[in-house]
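Subject: A structure for you to look through

Hi there,

Here is the structure I promised to pass on to you. Please open it next to this email and follow along as you read.

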Amino acid sequence: MKYPVAERALKKWQTERLEKIDTGDSSVHYRFIFVGSTCNNGGTEFKAHLHAKISEDHIIQKAWIEIPEEEQEGAALMCASPSSDPAKAQPFFEGFKKDANFTGSPLEEIILAEVPLNHAGCLCYQPIINQKWKMALSTMHFDLNS
């Protein structure tokens, strides 16, 4: 498969940023650690976890983004956040936990789909989030086929 991400990056991310979480069934739950930065305030670094539960036939059963509590202070500084106060930004963070719109689709189909992309380091708008999902899902697919 021709990934939208360089294979060298996939190998590195597979080792450094990808974790498997036991599901107790035949599916695989991956957590991809994204290291990003805010789009304002000089680019404050934060981490987000992109989760995907993938069936053995490579259908995405569930996919969501989690901003860990210890990362919320930095993530609250994104321009789309309603407040730089993490407590007041909770509705913004909760919005990421909603199941991604590609749930139920084949993994390869989503990786290869043409979608608007934006390489900014934040998670403020869908084209930016699309880019993060391309990175994470490509790494997961690479791992499943290694």
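Let's begin with Cys 124, whose closest cysteine sulfur belongs to Cys 39, 3.5 Å away, and that is too far for a bond. Please keep in mind that this is a predicted model. Cys 124 is buried, as its relative accessible area is 10%. What about Cys 122, and which cysteine sulfur is closest to its own? That one sits in Cys 124, at 3.8 Å, and again the gap is too far for a bond. A disulfide would need the two sulfur atoms within 2.5 Å. Cys 122 is buried too, with 2% relative accessibility. The count of disulfides comes to zero.

Next, have a look at two helices that meet. Two packed helices are described by the angle between their axes and the distance between the axes. Here the pair is helix α1, residues 7–16, and helix α5, residues 126–144. Their axes come within 9 Å and cross at roughly 80°. That angle makes α1 roughly perpendicular to α5, because angles of 65 to 115 degrees count as roughly perpendicular.

Which residues make this contact? On the α1 side you will find Glu 7, Leu 10, Lys 11, Trp 13 and Gln 14. They meet Met 135, Ser 138, Thr 139, Phe 142 and Asp 143 in α5. Sorted by class, the contact has four nonpolar, three polar and three charged residues.

Leaving out residues up to four places away in sequence, Thr 139 touches Leu 10, Trp 13, Gln 14, Leu 18 and Phe 32.

Now for the charged side chains. Side chains of opposite charge can pair when their charged atoms come close. How many salt bridges does the model have? The count comes to five, and here are some of them:

- Glu 7 pairs with Lys 11, with the closest N and O atoms 3.6 Å apart. The two are four residues apart in helix α1, so about one helical turn separates them. Glu 7 is partly exposed at 46% relative accessible area, and Lys 11 is partly exposed at 45%.
- Lys 20 and Asp 143 form a salt bridge with an N to O distance of 3.5 Å. This pair links distant parts of the chain, since Lys 20 is in strand β1 (residues 18–21) and Asp 143 is in helix α5, 123 residues apart. Lys 20 is exposed, with a relative accessible area of 59%, whereas Asp 143 is buried, at 17%.
- Lys 97 and Glu 94 meet through their side chains at 3.2 Å, N to O, in a salt bridge. Lys 97 is partly exposed at 40% relative accessibility, and Glu 94 is partly exposed with a relative accessible area of 40%.

After that, turn to the loops. Is Ser 105 buried or exposed? It is buried, with a relative accessible area of 15%. You will find Ser 105 in the loop between α3 (90–96) and α4 (107–112). Setting aside neighbours within four places in sequence, Ser 105 is in contact with His 58, Ile 59, Ile 60 and Ile 110. The C-alpha atoms of Ser 105 and Ile 60 are separated by 5.7 Å, although these residues are 45 residues apart along the chain.

His 58, one of the contacts of Ser 105, deserves a visit of its own. Most residues other than glycine have a negative phi. His 58 is not a glycine, yet its phi is positive, at about 65°. Its place is in the loop between β3 (45–54) and β4 (60–66), and at 21% relative accessibility it counts as partly exposed.

One last stop is Glu 108, in helix α4. With a relative accessibility of 40%, Glu 108 is partly exposed. Not counting residues up to four places away in sequence, Glu 108 touches Met 1 and His 141.

Enjoy exploring, and write back with any questions!

Best wishes

How values were computed
Residues numbered from 1 in each chain as written. Predicted model: local features only at pLDDT ≥ 70, side-chain atom pairs only at ≥ 80, totals over all residues. Heavy atoms only, no water. Axes fitted to C-alpha atoms, helices over the stretch in contact; angles between N-to-C directions. Parallel < 35°, antiparallel > 145°, perpendicular 65-115°, else oblique. Contact = heavy atoms within 4.5 Å. Nonpolar A, V, L, I, M, F, W, Y, C, P; charged D, E, K, R; others polar. Buried < 20%, exposed > 50% of the residue type's maximum accessible area, 1.4 Å probe, protein only. Salt bridge = Lys/Arg side-chain N within 4 Å of Asp/Glu carboxyl O.
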